[in-house]
Amino acid sequence: MVKLIHTLADHDDDVNCCAFSSSLLATCSLDKTIRLYSLSDFTEVPYSPLTFHTYAVHCCCFSPSGHILASCSTDGTTVLWDTQNGQILAVMEQPSGSPVRVCRFSPDSTCLVSGASDGTVVLWNAQSYKLHRCASVKDGSLVACAFSPPGNLFVTGSSCGDLTVWDDKMRCLHSEKAHDLGITCCDFSSQPVPGGEQGLQFFQLASCGQDCQIKIWIISFIHILGFELKYKSTLTGHCAPVLACAFSHDGQMLVSGSVDKSVIVYDTKTENILHTLTQHTRYVTTCAFAPNILLLATGSMDKTVNIWQFDTETLCQAKIPDQPKQFTENWSEDDVSNWLCAEGLEDLVDIFKMNNIDGRELLNLTKESLADDLKIESLGLRSKVLRKIEELRTKVKTLSSEIPDEFICPITRELMKEPVIASDGYSYEKEAMENWISKKKRTSPMTNLVLSSVILIPNRTLKMAIDRWLSETHQK
């Protein structure tokens with residue numbers, strides 16, 4: 001269970017960010033202030049609110065020790081505060097004077113990164129408060145930042161959708177388009193992914209964006225050779241842009257907040273949804289887990305911060321979903337994960353995800369690939385997986401022989417997922433027909449006559465019939 005235990009409503013404008021230390025909760029807002037609350041009873045500390053910034057405060061974060069709080073603002077400054085008394089320790093001005101959108105401490109507290117609207121990223125010495133190094137991204141504003149748990153790398157996200165990896169000398173190691181419409185937030189899990197080889201560590205990175213998606217990435221750290229960034233999966237659940245994401249400190253949960261006004265909590269092992277929270281009345285802009293206790297804070301444009309408490313059974317509440325209803329060869333990686341959970345093989349989910357095993361790959365697995373490629377050492381476990389896969393293969397053969405002819409695409413000879421009607425009057429799988437038109441002459445695959453039009457019309461009646469047949473077949 002998760003329950004709402006407190007609502008903070010002290011800000012006069014949108015809440016932009018919230019952050020925990022071991023004893024305090026910090027919140028910041030468009031109202032130019034930062035507020036601090038005691039975790040013992042959620043009362044505001046005597047020296048709160050903290051006031052200095054002359055424009056909106058976009059981000060706040062604690063140093064790992066909790067002794068220093070950093071805040072950054074549209075006014076172009078990043079301010080360091082003493083959390084014991086609220087006194088200002090330093091005011092660090094972005095060299096370009098551009099609005100500062102994000103700030104993050106390194107895990108060892110020696111450095112602080114600030115990212116600005118003009119794409120500049122500054123690495124500050126957190127002891128001397130002096131600028132150490134400065135760089136910039138090619139396009140867009142810097143709106144997200146996260147340090148790797150070892151502290152040797154950090155990642156930034158831009159409004160153009162680029163995820164960029166930097167080393168501690170501000171050298172750009174890698175950059176790729178992660179979200180087409182722009183990144184809004186990113187966060188590292190502090191816990192390594194199980195199964196790393198000697199000298200090699202795997203960590204999960206979450207990113208979210210305006211494309212309504214949350215993406216999970218695996219970053220591997222090799223002490224001599226460097227690092228590798230690999231896409232793992234996409235989490236679904238939100239129907240609007242996702243503005244915030246954060247891992248719990250034990251790495252077992254991931255939370256996200258969205259323009260759809262909801263907060264979703266995921267189990268990071270199975271990627272199933274544990275909870276959907278719908279208390280906020282406007283966009284959810286920020287979310288954060290407390291480090292030592294099962295508390296979650298969510299902030300919103302409704303000017304409130306909600307505090308949620310989890311019970312100790314929360315991580316055991318992930319329900320195993322029904323096995324996918326479509327044919328196994330069409331399963332996504334998530335469908336394969338659901339199948340593993342349903343078959344009592346949930347310990348293999350991360351291994352299958354890291355190797356991008358979808359339905360087609362699943363059916364092609366052999367005892368050799370399980371041992372050599374997936375590194376499943378247990379003979380008994382390999383045998384169990386193979387038995388389950390063989391059951392799927394038998395079912396596929398049975399179902400394939402029973403597919404009504406009118407449900408089969410004339411081009412692919414497979415069950416249609418998105419049937420469309422062409423100008424020749426026949427129905428085809430949409431992607432197959434589009435490829436046919438782009439690569440072939442404008443002729444009908446069935447009659448070889450010239451098509452009068454290349455417009456494809458969705459065959460909704462046939463789609464409903466296929467879905468109904470699949471549902472009935474699944475129930476047998």
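Phe52, Ile88 and Val91 form a nonpolar patch on the surface, and together they have about 220 Å² of accessible area. Patches here join nonpolar side chains (Val, Leu, Ile, Met, Phe, Trp, Tyr) within 5 Å and like charges within 9 Å, using residues with over 30% relative accessible area and no salt bridge. This is a predicted model, in which local features need pLDDT of at least 70 and side-chain atom pairs count only at pLDDT 80 or more, while totals for chains, interfaces and linings use all residues. Residues are numbered from 1 along each chain as its sequence is written, and side-chain values use heavy atoms, with hydrogens and water left out.

**The surface patch**
- Isoleucine 88 lies in strand β9, which covers residues 88–93 (strands are DSSP E runs of at least two residues, and helices are H or I runs of at least four).
- Because its relative accessibility is 36%, isoleucine 88 counts as partly exposed (buried means under 20%, exposed over 50%, and partly exposed in between, with a 1.4 Å probe and protein chains only).

**Helix α6**
- In helix α6, which spans residues 430–439, Ala432, Met433 and Ile437 are buried.
- Seen down the axis of α6, the buried residues fall within an arc of 130°, so they line one face of the helix (the arc is that of the directions from the helix axis to the C-beta atoms).
- Glu431, Ser438 and Lys439, on the other side of α6, are exposed.

**Serine 189**
- Serine 189 is found in strand β18, residues 183–192, and it counts as buried because its relative accessibility is 2%.
- Leaving aside residues up to four places away in sequence, serine 189 touches Pro149, Phe203, Gln204, Phe247 and Gly251 (contact means heavy atoms within 4.5 Å).

Terms used:
Areas by Shrake-Rupley, 256 points an atom, 1.4 Å probe, with all protein chains shown as cover. Salt bridge = Lys/Arg side-chain N within 4 Å of Asp/Glu carboxyl O.
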